[in-house]
Amino acid sequence: MAIIEVEHLMKEFKIAKRETGFLGAMKGLVKREFHTKHAVKDISFTVDKGEMVGYIGPNGAGKSTTIKMLTGILVPSGGTVKVNGIVPYENRQANAKNIGVVFGQRTQLWWDLPTIESFELLKEIYQVSHSRYKENMDTFTEILGLDEFINTPVRQLSLGQRMRADIAASLLHDPPILFLDEPTIGLDVVAKERMRTFIKEINKERDITVILTTHDMEDIEQLCQRMVLIDHGQKVYDGEIAVVKNRFGKIRTLVVDLEQHSTPLTLEKAEVFKEETGRYWIRFNREDISASGVITQITQTHNIKDLTVEEPEIESIISRIYQEGFDGVEQPIPVKSGS
Amino acid sequence: MFNYRLYWTFAKKSFLRSAVYRFDVWSRLGSNVIFLLMWGSIWTVLYAGREEAGGVSFQAMLTYIVVSQFLSGVNGAGTPLWEIQEKVRTGDISLELMRPFDVPLRYLFADFGSVFFYMITALMPLYIILFFFMDLSIPNDPLIWLAFLFAAFIGFLIRYCIEMAFGLLTFFLVETGGVEDIFYFAMSLLSGSVIPLWFFPGWLASFASYLPFQGIYYIPNAIFIGEIAGNQIFTSIGIQLFWVVVTYIFLRLVWKKASQKVVVQGG
C-alpha cells in the first residue's frame with residue numbers, strides 16, 4: 001500500500017536578476033527581471049508502507065526541495081503529492097503529526113536549553129500521552145544513550161550527540177513516516193554506525209517508512225533496498241540498489257602518474273578516459289581484469305611514479321548514469337514508473 | 001481548537017531560556033537605566049525650573065518618562081525585530097511550518113515567558129525602588145491602576161503584532177533596512193515613548209492620532225499620570241482595541257501570504 005504518492009511533481013523558484021554597478025542597481029529599483037530555476041522538474045514515485053528508500057542525487061539535484069514539499073514547507077508549482085492520504089501543503093498541521101523530520105545540517109532542538117527541555121516541549125506540541133512519552137524515552141535512551149547528555153544544553157553537544165537527540169526528537173510522536181535529510185553528515189565512523197543501526201531498528205520494529213537523502217554510499221548500501229536517483233530535478237533511476245551496485249560496483253578507476261609519456265599508453269580490457277600532464281585515469285571492469293593486471297600492462301612500457309585505485313562513489317555513479325544513460329548495461333536497469 | 005497547554009509550555013520554556021542569559025538581563029537593565037537618566041535629564045532641562053509646561057506639571061512629566069521607560073523595558077524583552085528577520089533569513093521560521101502549531105501565537109507566548117522573567121527579576125525591583133525614592137505622581141484610584149495595566153497590556157499586543165508583521169515582511173524583501181527605519185522611527189517618536197503627543201506640533205499630533213503606535217506608550221502613560229482621565233479613558237482604550245484588532249488582522253494577512261509563499265533559502 002502506497003503511503004507516499006508523488007506525481008509529476010514540479011517546483012520552480014523565481015530568482016531576481018541582479019545587475020552590477022550603480023546603473024544596474026537603479027534599474028533594479030524600477031524594473032526587476034526574474035529568471036526561473038527549475039529545482040524539481042517532473043518527478044513521480046510511490047513509496048510503500050515500511051519501505052526504506054534512498055533518495056539520492058548530487059548537490060542541487062532537488063533532493064531537499066522534494067523533502068520540503070513532502071513535509072508541506074514548500075508548495076509545489078505543479079503535480080501532486082500525497083503523504084499518508086494528506087496533501088501536505090494544504091493541511092500542514094495534520095501532515096506534521098504523521099511525519100518525523102531530521103535535517104543533518106540544522107538542529108530542531110531548542111538551542112539554549114538542556115536537551116530534555118526540547119523533548120518535553122515536543123511532547124506538548126504533538127500531544128503525546130505521558131505513558132507513551134515515557135516508553136519512547138526509555139527505548140531511545142537505551143539505544144541511543146541519551147542519558148549521557150540529556151541535561152546538557154543543546155549548544156554544548158557534540159555533533160554525534162546532537163544527531164542522536166535530533167532523531168529521537170523526531171520520533172517521539174510515533175510518526176508513521178520519517179524523513180532523514182543527510183542524517184550522517186559530518187559524523188565519525190562510530191557515530192555513523194550507531195545512527196544506521198538505530199534507523200534500521202526503528203524501520204524494522206516500528207514499521208516506519210523512511211526516506212533518506214545522503215551522499216554517503218555506505219548509508220544507502222546498509223539501509224536501503226531501493227533507491228531513487230535524481231539529477232537536475234529529474235528522476236534518473238528508480239529501483240533496486242543491487243542492480244546499480246552490480247553494474248557500477250564492478251567499475252574501478254586507476255589513477256597513475258607516469259614518468260615519461262612519449263609512447264602512447266595502450267591497454268587491453270581497460271580504457272584511458274582522462275589524461276592530464278602525466279596523470280592518467282584508467283577505467284576497468286574488475287570482472288574482466290584485475291587491478292594488478294592493468295598495472296602489469298602499464299609497467300611493460302612505462303614507469304609508474306604513483307598510483308591509486310578509486311572506488312566508485314555515488315556522485316560519480318550518478319553522473320555516469322546521467323551522462324551515459326544505461327548504454328552497455330547487459331541487463332537493462334528497470335526504470336519504475338510512478339504508478 | 002486552542003491548545004492552552006502547548007502555548008503555556010512555550011511560555012514556560014522561554015522563561016527558563018531567559019534564565020540562561022543572566023548577563024543579558026543585566027545589560028538590558030543597564031541600558032534601560034541609562035535611557036531613563038538621559039530622558040529624565042533632558043526633560044528637567046526642557047522644563048528649566050518651571051512648575052508646568054503645556055498644562056502638565058514637571059512631576060507628571062517625569063512620571064510619564066519613568067512609566068514609559070518601564071513599558072519599553074517590558075516591550076523590549078520580547079523577540080526583537082532583527083531576530084525575527086534573522087529567523088526568516090535562516091529559514092528557521094519556515095521550518096516551524098511543519099509543526100502542528102500556529103507560529104505567530106507560539107512567538108507571542110514565548111514572549112510572555114521571557115517578558116515575565118525580565119519583569120520579576122529586573123524591571124519590578126528597579127521601578128518599585130524608583131517609585132519609592134522619586135517624587136512621582138502615583139494614581140490613588142485603584143481603577144486607574146487597572147485601566148493603566150489593561151492599556152499597557154493592549155499596547156504590548158499592538159507592539160507585538162506590528163513588530164512580528166514587520167519582521168515577517170523579510171519574506172518578501174531582500175533589503176529590509178527601510179522597514180527597520182520606519183519601525184524604529186514610529187516606535188520612538190509616533191508612539192509618544194519619549195515625547196508625549198501633546199507636545200507635538202498640531203499636524204504631527206493629528207498624524208500620530210491616526211496611527212496605532214500611540215496605543216503602545218502614549219495611552220497607558222497618559223492614563224497613569226491622569227492626562228487621559230474620566231470618559232476619555234474609555235475612548236482611548238476603545239482606540240487601542242480598534243488598533244489591536246487592525247494590527248492583528250495585518251499580522252495574520254502578512255503571515256498567511258508569507259507561509260503561502262515560503263521560499264526556503266538554498267532549497
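Predicted model: local features only at pLDDT ≥ 70, side-chain atom pairs only at ≥ 80, totals over all residues.
Q: What secondary structure does chain A have?
A: Chain A has 11 helices and 13 strands.

Q: And how much of chain A is buried?
A: Of its 339 residues, 35% count as buried.

Q: Let's talk sheets. What is the order in the open sheet of four strands?
A: The order is 11-12-10-13 in chain A, and the pairing is antiparallel.

Q: Which strands sit at the edges?
A: Strand 11 (270-276) and strand 13 (304-310) of chain A. Each of them pairs on one side only.

Q: What's the twist?
A: It averages 20° from one strand to the next.

Q: Back to strand 13. How many bridges does it share with strand 10 of chain A?
A: Six, in the antiparallel sense. Strand 10 covers residues 251-258.

Q: Which residue in strand 13 is the bridge partner of A:Asp257?
A: That's A:Asp306.

Q: What holds paired strands together in general?
A: Strands of a sheet pair through backbone hydrogen bonds.

Q: New topic: chain B. How many residues are in contact?
A: 24 residues of chain A are in contact with 19 of chain B.

Q: Which elements of chain A give two or more residues to that side?
A: Helix 2 (63-71), helix 3 (92-98) and helix 4 (115-125) of chain A.

Q: What classes of residue does that side of chain A have?
A: It has 12 nonpolar, six polar and six charged residues.

Conventions:
Residues numbered from 1 in each chain as written. Chains lettered and ligands numbered in written order. Contact = placed C-beta atoms within 7 Å. Nonpolar A, V, L, I, M, F, W, Y, C, P; charged D, E, K, R; others polar. Buried ≥ 20, exposed ≤ 12 C-beta atoms within 10 Å, placed from the backbone. Pairing = 2+ DSSP bridges. Axes fitted to C-alpha atoms, helices over the stretch in contact; angles between N-to-C directions.
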